[in-house]
Amino acid sequence: KDQHGCRFLQKKLEEKDAKVTESIFEEIYEHVAELMTDPFGNYLCQKLLEHCNDEQRLMVIDKVGPDLVKISKNMHGTRAVQKMIEFLTTPEQIALVKKALAYSVVPLIQDLNGNHVVQRCLNKLSPADNQFIYDSVSQEGHCIEVATHRHGCCVLQRCIDHASDTQKLQLIGEIISNALVLVQDPYGNYVVQYVLDLPFPGLPSRLAKQFLGHIPILSTQKFSSNVIEKCLNVADVPTRALLIQELIEYDNLLYLLQDPYANYVIQTSLGMSEPHQHVKLVEAIRPHLAALRNTPYGKRIQNKILKESQREYYQ
């Protein structure tokens, strides 16, 4: 726990003398859980995990197993646990770490320090060994809990990055089921946008269809309006037409035209609609053009339609 003593022992470990490593291991083994969360001791633990043999490493993991979640949430401990995961070499070691973390995946993901331990598992372990993470995140209610959390939304995206195709579909299925809730959340909306960009055929349209029946109200919300715009850009033509049709048929279109967020959705709709539907959208907007003249957001739409009319006139 002394800074200079700790550095001296680290240097000794770097000499890679098996007898010296054995001596240091025997001295600190009983105190390893405590040392992992110590401002200086954690560095010695990291160095020991790097230079000890497989049997010693297994003993350390077994020793700290009951406290591994608590250590992972500690600002010093998280570094030691990440180093432990980095140097896992045998199936027995991996099995012990999985057992220790399996029932605390969501609390770890939501923790400032613990989320880095889950991310290190995703980076270092195979998709099969990480199945415990995917099962936990996919459980009833957990997907929303993770995706709407400021750390969780980032970890969930990394889960998708490192997943096998089966695991990707497992997570995507959960995200699609909960899309209507996620899209309205300051963090969850980023997860939905991330999924919209994934290269799975038909996925953007499948996701966009979750919002049907709610397009006008989602267009007026800060977070969801971004996602509706993205859906208009990436969905297939029939799905896009369904989204735009809801705007055309909305009984308070003037409200959407003057809204600080929905006006962008309407502008995107004007740019993305097929010719026959474009005409219907313009016809629906035209009676409101005079009212838009003096509103900051409506003006943009008014200008867009006037420019189009002029273009048609001169062609």
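The sulfur of Cys121 lies 10 Å from the closest cysteine sulfur, that of Cys159, which is too far for a bond. The model is a predicted one. A disulfide is a covalent bond between the sulfur atoms of two cysteines. The structure holds zero disulfides. Cys52 is likewise in no disulfide, and the nearest cysteine sulfur to it belongs to Cys45, 10 Å away. The table gives the accessibility of two cysteines.

| Residue | Relative accessible area | State |
|---|---|---|
| Cys52 | 6% | buried |
| Cys121 | 1% | buried |

Two packed helices are described by the angle between their axes and the distance between the axes. Helix α5 spans residues 54–64 and helix α8 residues 91–101; their axes come within 10 Å and cross at roughly 10°. Because of this angle, α5 is roughly parallel to α8. On the α5 side, the contact involves Asp54, Arg57, Leu58, Ile61 and Asp62, which meet Glu92, Gln93, Leu96 and Val97 of α8. The residues of this contact comprise four nonpolar, one polar and four charged.

Within α8, the buried residues are Gln93, Ile94, Val97, Ala100 and Leu101. Viewed down the helix axis, the buried residues of α8 fall within an arc of 130°, so they line one face of the helix. Pro91 and Lys99, on the other side of α8, are exposed. The elements covering the buried residues of α8 include α5, α6 (68–72), α7 (77–86), α9 (105–109), α10 (114–124) and α11 (131–138).

Methods
Residues numbered from 1 in each chain as written. Predicted model: local features only at pLDDT ≥ 70, side-chain atom pairs only at ≥ 80, totals over all residues. Heavy atoms only, no water. Disulfide = S-S within 2.5 Å. Buried < 20%, exposed > 50% of the residue type's maximum accessible area, 1.4 Å probe, protein only. Axes fitted to C-alpha atoms, helices over the stretch in contact; angles between N-to-C directions. Helix = DSSP H or I, 4+ residues; strand = E, 2+ residues; numbered from the N terminus. Parallel < 35°, antiparallel > 145°, perpendicular 65-115°, else oblique. Contact = heavy atoms within 4.5 Å. Nonpolar A, V, L, I, M, F, W, Y, C, P; charged D, E, K, R; others polar. Arc of directions from axis to C-beta.
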